[in-house]
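Biologist: Can you show me the model? I would like to go through it step by step.

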Amino acid sequence: MKKFHFHNTRFIAMILLAIAVLSGCKKSFLERPPTDSIVDANFYKSDEQLAAATALLYNRVWFDYNENPAFSLGDIRAGTTFRGYNERGNVEFNTNDLTPENRRAWASLFVVVGQSNLLISNINRYAGAGTTETARKIAIAEARFMRAVAYRLLVMNWGEVPIIEDNLALLNDPTTQKHTVPSIWRFITREMRAAADDLPETAEPGRVTKWSAEGMLARFYLTRAGVEPGGGTRNQQFLDSAKYYAQRVILQSGKRLKTNYAELFKYPYDNNEESLFELQWVFIPGNPGYGFGNAAVSHLNPSGEISAEGWGGDKAATWWMLSLYEGIEASGDTMLSGRTLDQRLAATFMMPGFVYPEITRTVGGVDVKPYIVPYTNDADRNFANIKKYVVGQGKDIGIPTIEPQRYPHNTYILRLAEMYLTYVEAMIGNNASTNDPTAVEYFNIIRNRAGLPDLTDQNNVPLPVTLDDIIFERIREFAMEGMAWYDLVSLHYWNPQKAYDILNSQDRGFYWIEPDVRNAPANHWVIKKTPWANPPANPRYINAHSGNFRIPIPASEMSQAPWLNEPAVDYP
């Protein structure tokens, strides 16, 4: 098997072309906007240089967000995943203005905004006669795409934030105003529509296309439908737009679902037939390579036995997450047991006795392959650690060694499966369920790919798809992809009580997994709640409400920019 996917050499070449003139990122893009560009102004002289400059928007500027906050907020805070001993603020839904992941996410997303702004400005100011109009339009569209994606995350986490389109204008007046949530959604929708107009329908692997932008529009409109009407209903026009764009991508993009769900998260299946947008990580040996590889993998690896570095020993599925898989049944309040046909469980989390043929385990200098997740007496290791994005050692992916935080494995931001589920949810709209044949078909396509049968009753009669069906199908499909929190925020816009009810139903406490066969392939599991780490020291449940749902702006930003306390205004 070819170990290096075809996109790597192209992106490495582009990044090395720009790396010598890569500018440093300022600490605060609000208080101290950067005066330099992502690359030197003399760099924009050919179409190749434009492509190299925009290549950096696919990795380097997202590095800090991707390394930890994407999963800390997207999954730990959402309740799909927990940490036994770290990041307890997010586990216990007590994210505050000093929480490290909060501060780092805020700063990183404004890095994306600031560098996208500067790239647009520099292309308009410095692009030479050697560049074509088409290349300039595409490069600017890529930057607008990235800026809109960053602002979606900003508005969904912190609500009213300042929209900045021109960092250089802040030099004379380093203050601005926060903008209202509806006006931010109008802005990012407008930006993504402009990107869709200027991006090509096809591009080299890894580059965003018109279909990437239309997929984002489906996502944006589904959420925006709940932002403006209020009162427990969603805007039908926006629901129709979400359905329209989702189906366009499904039918016209040329993308298709990957047959094997688990392969989506193995190497080297980056930029595959299902992918609509991925962060493009590359392995560059030596000091210049830091910041261009996927650092999140180091944080997710559960053990140094299967990786160069493994810092995720206490990261695992929550009890609640495991209870969502069909076939894993509750026995009273303290035990789950069974097995599931849902292939997404083993592709997302490692239960003792799961087998991974692609991973080598090294113990005492001896390599063993395939990797069979061991049963141990160590509580840190004997629950369902993270599998998604864990690809093994360097030898498993064709690299002699992997220096810390330099994995070449990409991060999904948007894939085709979301379009199927977006169409279904848009069709449900303000109803309790849908019998629409296309929506039911799309829902069952996602279930079938996971190894599950069509949604039917006990007599095998097809069932309508309910809102709960789609909510929990999305959680299973996208667990550990930094998605669950934003799905809950989207729900919270129009039905906050339902979002609180889901969060407050989640058991986030310790548990212990017993496979039917120890240290060998297993077929049945018993999951027991542990008698230690009980409340109040480690509460099993949280109390989500209107006072703690939104993440507060980091204290470091509030102290540097006190005008962030002022009321928000509409953005033009």
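Modeller: We can start with the overall fold and then turn to the aromatic rings. This is a predicted model.

Biologist: What does the secondary structure of the protein chain come to?

Modeller: The protein chain has 20 helices and 16 strands.

Biologist: And what does the C-alpha trace span along its principal axes?

Modeller: About 70 × 60 × 50 Å.

Biologist: How does the radius of gyration sit with a compact globule?

Modeller: For 572 residues, a compact globule would have a radius of gyration near 25 Å. The protein chain has 23 Å, which agrees with that.

Biologist: What share of the residues is buried?

Modeller: Buried residues make up 61% of the 572 in the protein chain.

Biologist: And the contacts, what share of those join residues at least 24 apart?

Modeller: If you take contacts between residues at least 6 apart in sequence, 74% join residues at least 24 apart.

Biologist: On to the rings. How many aromatic pairs did you count?

Modeller: The count comes to 34 aromatic pairs. One of them is Tyr151 with Phe187, an edge-to-face pair at 5.9 Å centre to centre, with 90° between the planes.

Biologist: Where in the chain are those two?

Modeller: Tyr151 is in helix H7 (residues 133-158) and Phe187 is in helix H8 (residues 181-198). They are 36 residues apart, and the pair links distant parts of the chain.

Biologist: Is Tyr151 buried or exposed? And Phe187, buried or exposed?

Modeller: Tyr151 is buried, because its relative accessible area is 0%. Phe187 also has 0% relative accessibility, so Phe187 counts as buried.

Biologist: Give me another pair.

Modeller: Trp320 and Phe472 are edge-to-face too, at 6.4 Å centre to centre and 65° between the planes. Trp320 lies in helix H12 (residues 319-323) and Phe472 in helix H17 (residues 467-478), so this pair ties together parts that are 152 residues apart in sequence.

Biologist: Why does Trp320 count as buried?

Modeller: Because its relative accessibility is 7%, and buried means under 20%.

Biologist: Back to Tyr151. Which residues form one aromatic cluster with Tyr151?

Modeller: Trp106, Phe110, Trp158, Phe187 and Tyr571 form one aromatic cluster with Tyr151.

How values were computed
Residues are numbered from 1 along each chain as its sequence is written. This is a predicted model: local features need pLDDT of at least 70, side-chain atom pairs count only at pLDDT 80 or more; totals for chains, interfaces and linings use all residues. Side-chain values use heavy atoms; hydrogens and water are left out. Helices (H or I, at least four residues) and strands (E, at least two) are DSSP runs, numbered from the N terminus. The radius of gyration is taken over C-alpha atoms; the globule rule is 2.2 Å times the number of residues to the power 0.38. Buried means under 20% relative accessible area, exposed over 50%, partly exposed in between (1.4 Å probe, protein chains only). Contact means heavy atoms within 4.5 Å. Rings of Phe, Tyr and Trp (its six-membered ring) pair if their centres lie within 6.5 Å; planes under 30 degrees apart count as stacked, over 60 as edge-to-face and the rest as tilted.
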